[in-house]
Amino acid sequence: MPDVSSSPIPSQLDATDAKSVLDVLLADGALTQAQYDEMKVKSVTQGQSVVALLQGSNIISEERIAQAQAKLLGVPFIDLASVSFSPQAIGFLSRAVVERFALIPFLYDEKTNTLSVAMANPVDLEALAFVRQKTGLVIKAFAASPSAVTTAINQQYHEELVGEVGEAIKETEEYTQKKVVDSTQLGQSIQEAPIA
């Protein structure tokens, strides 16, 4: 698959693209004709995107909407619940970065120098450019549902936080032990000092 980050894709889904998401869902049998018509009318009368209306209506799951968007954009969809995350891939980006851009790295291919990243918005060109610049790697974007990305970030970066807290506790214990030794030596030095 070509490097998605360099493809000329619009940065956001506009109204025409959102209608196409409806078309994809209708063609796949995920929506009935009546639901399709209702969403089109609501979008026009309420001035909201079809995607926002679909997410708010609970007619269709967030994951199914993300799949339809991925199909529309020609970006592969990935189910993060079934992914085995590479610690090396996770190590390329900090938690602050992945939360800021709603994405998570899951695979690193050393041979091609490619980092595979699941994104809530796989056409966020700013995010793709930032990650490419920060890592110096080729970025391969995958679509995922926003809630799946958030869940994966919390699970994968929880371990990073636990490691950081553990390291901080270890450093604190070493410092405390050093202070105990120092105070013991100080007490002995006081006892040995001549009385004036």
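Helices (H or I, at least four residues) and strands (E, at least two) are taken here as DSSP runs, numbered from the N terminus. This is a predicted model, in which local features need pLDDT of at least 70 and side-chain atom pairs count only at pLDDT 80 or more, while totals for chains, interfaces and linings use all residues. Residues are numbered from 1 along each chain as its sequence is written, and side-chain values use heavy atoms, with hydrogens and water left out.

**Stop 1: R64.** Select R64, which sits in helix 4 (residues 62–73). Its side chain makes a polar contact with the side chain of D28, at 2.6 Å. A polar contact is a pair of N or O atoms within 3.5 Å; within protein, one must be able to donate a hydrogen and the other to accept it, and residues adjacent in sequence count only if both atoms are side-chain atoms. Neighbours within four places in sequence aside, R64 is in contact (heavy atoms within 4.5 Å) with L25, D28 and A30.

Stop 2: Now show the three strands, which form an open sheet in the order 1-2-3 with mixed pairing. Strand 1 (103–109) and strand 3 (138–143) are the edge strands, each pairing on one side only. Two strands pair if DSSP finds at least two bridges between them. Strand 1 and strand 2 (residues 114–119) run antiparallel and are joined by six bridges.

**Stop 3: helix 7.** Select residues 125–135, which are helix 7; this helix lies across strand 1, strand 2 and strand 3. Which of its residues are buried? A127, L128, V131 and T135 are, where buried means under 20% relative accessible area, with exposed over 50% and partly exposed in between (1.4 Å probe, protein chains only). Seen down the axis of helix 7, these residues fall within an arc of 100 degrees, so they line one face of the helix; the arc is that of the directions from the helix axis to the C-beta atoms. They pack against helix 6 (95–101) and against strands 1, 2 and 3. Just after helix 7, G136 takes a positive phi of about 75 degrees.

**Stop 4: L93.** Finish at L93, in the loop between helix 5 (87–90) and helix 6. L93 counts as buried because its relative accessibility is 2%. Leaving aside neighbours within four places in sequence, its contacts include P105, V131 and T135.

How values were computed. Axes fitted to C-alpha atoms, helices over the stretch in contact; angles between N-to-C directions.
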